[in-house]
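These are comments on the model shown below.

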Amino acid sequence: MRIVFSCTGTKAEPWLRSLRMALPDAQIEEWAPGAPQADYAVVWAPPQTLLDEQPKLKAMFNIGAGVDALMRLRLPADLPIVRLDDAGMSVQMAEYVCHAVIRHYRELDVCEVDEARQRWSYHPPRLRSDFSVGIMGLGVLGERVAKAVAAFEFPVNGWSRSPKSIDGVRCFHGQDQFHDFLAATRILVCLVPLTPDTVGVLNRDSLGRLKPGGYVINVARGAHVVDEDLIALVDSGHLAGATLDVFHTEPLPPEHPYWQHPKITVTPHTSARTERELSIGQIVQKIQALERGEKIAGVVDLGKGY
Ligand code: NDP
Ligand code: OXD
């Protein structure tokens, strides 16, 4: 069996070492133009040339959950694209989002500013019931996040494409229920994949529908947000602020207004990192299952784009 590896922005050597240990009989190489036809590819944002030169792949494994970079390429209609199915990401996402929700609700961001000024100030408790959290996307990551936030007794709403039923979560679905979902939400968490349907979904109209004092946590993709609209709504006071992990351009350019905005917190696309050994374990198990002719989970629906 031959496997090629092509992951933009990722050091290949540790991945190749672990893949070779897990599949000692396979030939596993970093892809370069002109490489012989492989059976499988392990990728993150690969070049189009790889697809053009490797027309007989049995499957392509993405070392992330989001496949938007792959969806921008010309893909053979019959090539199974396999995304990471949790692989240690949902617990990290739950930590990150709970931290951001609690930091905002408990005004720990205000305490950070007070501490820098050596100011001892008392903030009266706020009503948890006033801080409903709405999770856009109830997939592998969103469901885990919704349950984690619900454990802190915040009211939790969720929105997905198809109907869901999750204990402790008021579930909305489809475009028809989007406005009701927003109107019921104060802290909005974005965890939908980036597709033609969701690009720019966080804009003046949608964010304007959140409860007053709304707050945005974007951990999906930067292109979900219309940056100027978000900043205008924070500056107008309709939104209290935002915690953003993902951006249109990454790294976030030094001149971007998010960096200096006092009500916007920036983190460097770090909310749920790919864990190499867990990911390799999952990919190897799936390759072995495919070789045995078995079905695997996590195959992307090319029609839906996720
Ligand atoms: P899943 O595919 O498991 O879940 C996606 C969810 O979004 C599903 O509930 C789906 O609905 C819903 N959805 C998709 N399109 C729409 C739509 N048009 N309207 C309403 N709901 C929609 O993905 P994951 O949970 O694994 O990952 C989500 C995203 O998180 C990734 O695509 C990626 O962009 C981002 N991510 C970010 C990371 C980071 O470090 N910042 C790390 C990992 C992922 P339904 O269930 O009905 O299909
Ligand atoms: C992912 C990511 O999609 O890291 O997995 O953003």
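1. A polar side-chain atom of His269 lies 2.7 Å from an oxygen atom of ligand 2. The backbone also takes part: a polar backbone atom of Ala65 is 2.6 Å from an oxygen atom of this ligand, and a polar backbone atom of Gly66 is 2.7 Å from an oxygen atom of ligand 2. Taken alone, ligand 2 exposes 210 Å², of which the protein buries 86%. Accessible areas come from the Shrake-Rupley method with a 1.4 Å probe, and for residues only the protein chains shown count as cover.

2. This is a predicted model, in which local features need pLDDT of at least 70 and side-chain atom pairs count only at pLDDT 80 or more, while totals for chains, interfaces and linings use all residues. Residues are numbered from 1 along each chain as its sequence is written, chains are lettered from A and ligands numbered from 1 in the order in which they are written, and side-chain values use heavy atoms, with hydrogens and water left out.

3. Which residues are around ligand 2? They are Trp44, Gly64, Ala65, Gly66, Met89, Arg221 and His269, where a residue is near a molecule if one of its heavy atoms lies within 4 Å of it. By class, this shell has three nonpolar, three polar and one charged residues. Ala, Val, Leu, Ile, Met, Phe, Trp, Tyr, Cys and Pro count as nonpolar, Asp, Glu, Lys and Arg as charged, and the others, Gly among them, as polar.

4. A polar side-chain atom of Ser271 is 3.0 Å from a nitrogen atom of ligand 1, and a backbone N or O atom of Val140 lies 2.9 Å from an oxygen atom of ligand 1. The protein covers 93% of the 940 Å² of accessible area that ligand 1 has on its own.

5. Ligand 1 is surrounded by 30 residues, the closest being Arg83, Leu141, Ser162, Lys164 and Tyr306. The class count for this shell is 15 nonpolar, nine polar and six charged residues. Helix 4 (89–105), helix 6 (140–150) and strand 7 (156–160) each supply at least two residues, and helix 6 gives the largest share, three residues. Helices (H or I, at least four residues) and strands (E, at least two) are DSSP runs, numbered from the N terminus. Domain 1 (2–87 + 274–291) and domain 2 (89–266) each contribute at least three residues to the shell around ligand 1; the domain bounds come from an automatic or database domain assignment.

6. The structure holds nine aromatic pairs. One of them, Phe5 with Trp15, is tilted, at 5.9 Å centre to centre and 35 degrees between the planes. Phe5 lies in strand 1 (residues 2–7) and Trp15 in helix 1 (residues 12–22), so the pair ties together parts that are ten residues apart in sequence. Both Phe5 and Trp15 are buried. Elsewhere, ring pairs link Trp159, Phe172, Phe178 and Phe181 into a cluster. Rings of Phe, Tyr and Trp (its six-membered ring) pair if their centres lie within 6.5 Å; planes under 30 degrees apart count as stacked, over 60 as edge-to-face and the rest as tilted.

7. Asp114 sits in helix 5 (residues 108–116) and, at 4% relative accessibility, counts as buried. Buried means under 20% relative accessible area, exposed over 50% and partly exposed in between (1.4 Å probe, protein chains only). The Asp114 side chain has a polar contact of 2.6 Å with that of Arg119 and one of 2.5 Å with that of Ser121. A polar contact is a pair of N or O atoms within 3.5 Å; within protein, one must be able to donate a hydrogen and the other to accept it, and residues adjacent in sequence count only if both atoms are side-chain atoms.

8. A cis peptide bond joins Glu250 and Pro251, with omega about -5 degrees; Pro251 is in the loop between strand 11 (239–244) and strand 12 (264–266). Glu107, in the loop between helix 4 and helix 5, has a positive phi near 60 degrees and is buried, with a relative accessible area of 16%. Glu153, in the loop between helix 6 and strand 7, has a positive phi near 70 degrees and is exposed, with a relative accessible area of 63%.
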